[in-house]
Amino acid sequence: MRPFTGTKHQEADMPTSASRYVLGRSEREYMRLMVQSRLMRPWTERYMRAAGLRPGDRVLDLGSGVGDVSLLAASIVGPEGSVLGIERDADAIETARQRVEAERLSETVRFEVADVNSLTGTEQFDAVVGRFFLVYQPDPVATVQRAAALLRPGGVLVLHEMDAGAVNDMSWPPCPVYNDSVSLLFPVFAATGAHTYMGRMLAHTFLEAGLERPAVEIDTPVATGPDSPVLDWMARTVQSLEPMLAAEGLSLPAGVDFDDLLPVWKRTITEQRAQFVGPSQYGAWARVS
Ligand SMILES: C[S@@+](CC[C@H](N)C(=O)[O-])C[C@H]1O[C@@H](n2cnc3c(N)ncnc32)[C@H](O)[C@@H]1O
């Protein structure tokens with residue numbers, strides 16, 4: 001079997017509006033990905049299992065980051081299966097490889113530095129998976145078609161994506177210090193060409209790509225108190241965008257800075273007896289014939 005090859009791609013640490021990956025490349029971002037992954041894992045796992053991933057499967061993970069989805073897939077496919085993560089950030093791959101070695105899974109999981117949109121190869125997979133990946137692709141329909149072409153007949157495509165939803169509904173009683181901070185994410189994502197409403201676009205994107213109508217499920221992260229991991233994750237996400245917000249001339253609500261975002265939110269959710277909502281999570285999957 002011919003292995004995959006692709007265009008090596010490394011973006012600068014400091015993102016600009018012109019770069020395609022809004023969250024940047026840094027240790028802080030890799031840590032945020034791991035925090036995010038702990039929160040998302042049960043949902044991603046449910047989508048993968050509902051899609052039919054099982055022991056022995058050969059899985060391709062698109063935009064594997066620091067390896068969380070690949071590690072999750074490895075826990076499902078077991079030692080008889082295999083996982084290949086494709087990622088264009090070489091530093092992220094290095095971290096992912098170290099994690100895989102630490103878990104003694106190097107026999108099952110491997111990574112390649114490549115741009116998914118320039119993959120060539122003849123290897124065929126039982127499942128192609130991706131989380132928070134399609135959102136960054138300039139042409140999601142073309143990327144889904146490319147992903148589907150890497151599946152064997154009867155193989156399954158499983159994607160987990162977010163959706164920005166309605167910012168005004170994000171807290172109750174309404175807490176502007178949360179709503180106004182979180183709402184900054186969306187213009188910054190949009191400025192880089194990311195699809196802030198990718199979640200709701202999934203069924204349409206699958207169908208436009210010529211796939212069967214997918215199954216779609218939605219889950220929503222909710223914080224009901226100061227110790228919720230949702231608050232920590234959302235604060236880290238806003239903090240990861242600090243350079244981009246500055247580049248776009250956007251700033252946090254008056255009296256709040258990036259370092260005290262989390263304590264301010266914790267105080268607010270407690271004093272207001274509020275609940276804060278994060279962006280909706282969408283799982284979509286379909287088999288190819
Ligand atoms: C938000 S991260 C998600 C990482 C991982 N899927 C997870 O859920 O933890 C998106 C990743 O996709 C990568 N990426 C985006 N577009 C890509 C492309 N066309 N080819 C390869 N990697 C890509 C980025 O470099 C980034 O590491």
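**Close-up views of a predicted model**

**View 1. Arg41 in helix α1.** At 35% relative accessibility, Arg41 is classed as partly exposed (buried is under 20% relative accessible area, exposed over 50%, partly exposed in between, with a 1.4 Å probe and protein chains only). Arg41 belongs to helix α1, residues 27-50 (helices are DSSP runs of H or I of at least four residues, strands runs of E of at least two, numbered from the N terminus). The model is predicted: local features need pLDDT of at least 70, side-chain atom pairs count only at pLDDT 80 or more, and totals for chains, interfaces and linings use all residues. Residues are numbered from 1 along each chain as its sequence is written, and side-chain values use heavy atoms, with hydrogens and water left out.

View 2. The ligand has 18 residues around it, of which Gly63, Glu87, Val116, Arg131 and Gln137 come nearest (a residue is near if one of its heavy atoms lies within 4 Å). Eight residues of the shell are nonpolar, five polar and five charged (Ala, Val, Leu, Ile, Met, Phe, Trp, Tyr, Cys and Pro count as nonpolar, Asp, Glu, Lys and Arg as charged, the others, Gly among them, as polar). A polar backbone atom of Gly63 is 2.8 Å from a ligand nitrogen, and a backbone N or O atom of Val116 is 2.9 Å from a ligand nitrogen. For the side chain of Asp115, an N or O atom is 3.0 Å from a nitrogen atom of the ligand. The protein buries 99% of the 600 Å² that the ligand exposes when taken alone (Shrake-Rupley method, 1.4 Å probe).

**View 3. Gln137 in the loop between β4 and α4.** Gln137 sits in the loop that joins β4 (125-131) and α4 (140-149). Gln137 is buried, because its relative accessible area is 4%. Its side chain makes a polar contact of 2.8 Å with the side chain of Asn117 (a pair of N or O atoms within 3.5 Å; within protein, one must be able to donate a hydrogen and the other to accept it, and residues adjacent in sequence count only if both atoms are side-chain atoms).

**View 4. Helix α8.** Nine of the twelve residues of α8 are buried, among them Trp233, Met234 and Gln239. At the start of α8, a side-chain oxygen of Ser228 comes within 3.0 Å of the backbone nitrogen of Val230.
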